[in-house]
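Colleague: Please walk me through a few packing features here. I would like the general idea, then the case.

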Amino acid sequence: MTSVKPSVLFVCVHNAGRSQMAQGFLAHLAGNAIEVRSAGTAPADTINPAAVEAMAELGIDITAQTPKVLTPDTVQTSTVVITMGCGDTCPYFPGVDYRDWTLDDPAGKSVEAVRPIRDEIRTRVEQLIDELTARGADLR
């Protein structure tokens, strides 16, 4: 196993819902074992309040996170880039592991409608942690 800490970048258009929830889960569940960042191709002004509420229900506070613009450097310095609906606007660099997670966009949805999206993101993040940390052996 390599001694370099893996770095994950979650990307969606507005960096206000899906990518913020994914960042919150990864930071909460993996601790310092994995570096995590998120960004958007056209960032919103604020995080989706329904996403904030849905995460708070699980004891994860994402209120300090802010939507950030995606930069080529952020992509290039990531081990894994997970796109969530940013399409062709996401910069491509050889050697970066790109994955696309098809998830409903929580924009404009109620917290009741966001919960299933949140739960699907959690499942995928848990699988990613297992993969990147040799079945979670390096956690804690």
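Predicted model: local features only at pLDDT ≥ 70, side-chain atom pairs only at ≥ 80, totals over all residues.

Modeller: Residues are numbered from 1 along each chain as its sequence is written, and side-chain values use heavy atoms, with hydrogens and water left out.

Colleague: How are two packed helices described?

Modeller: By the angle between their axes and the distance between the axes. Axes are lines fitted to C-alpha atoms, for helices over the stretch in contact, and angles run from 0 to 180 degrees between N-to-C directions. Helices (H or I, at least four residues) and strands (E, at least two) are DSSP runs, numbered from the N terminus. The axes of α1 (residues 18-30) and α4 come within 9 Å and cross at roughly 45°. α1 and α4 are therefore oblique to each other (under 35 degrees is roughly parallel, over 145 roughly antiparallel, 65 to 115 roughly perpendicular, the rest oblique).

Colleague: Which residues meet between α1 and α4?

Modeller: Contact means heavy atoms within 4.5 Å. In α1, the residues include Met21, Phe25 and Leu29; in α4, they include Ile117, Ile121 and Val125. By class, this contact of α1 with α4 has 11 nonpolar, no polar and 4 charged residues. Ala, Val, Leu, Ile, Met, Phe, Trp, Tyr, Cys and Pro count as nonpolar, Asp, Glu, Lys and Arg as charged, and the others, Gly among them, as polar.

Colleague: At what angle do α2 and α4 pack?

Modeller: α2 (residues 49-56) and α4 pack at about 65°, with axes 9 Å apart. Ala50, Ala51, Glu53, Ala54 and Met55 in α2 meet Val111, Val114 and Arg118 in α4. The classes there are 6 nonpolar, no polar and 2 charged.

Colleague: How many aromatic pairs are there?

Modeller: Rings of Phe, Tyr and Trp (its six-membered ring) pair if their centres lie within 6.5 Å; planes under 30 degrees apart are stacked, over 60 edge-to-face, the rest tilted. That rule gives 1 aromatic pair. The ring centres of phenylalanine 10 and tryptophan 101 are 5.8 Å apart and the planes are at 50°, so the pair is tilted. Phenylalanine 10 is in strand β1 (residues 7-12), and tryptophan 101 is in the loop between β4 (97-100) and α4 (111-132), 91 residues apart.

Colleague: Is valine 96 buried or exposed?

Modeller: Buried means under 20% relative accessible area, exposed over 50%, partly exposed in between (1.4 Å probe, protein chains only). Valine 96 is buried, at 12%. Valine 96 lies in the loop between β3 (80-83) and β4.
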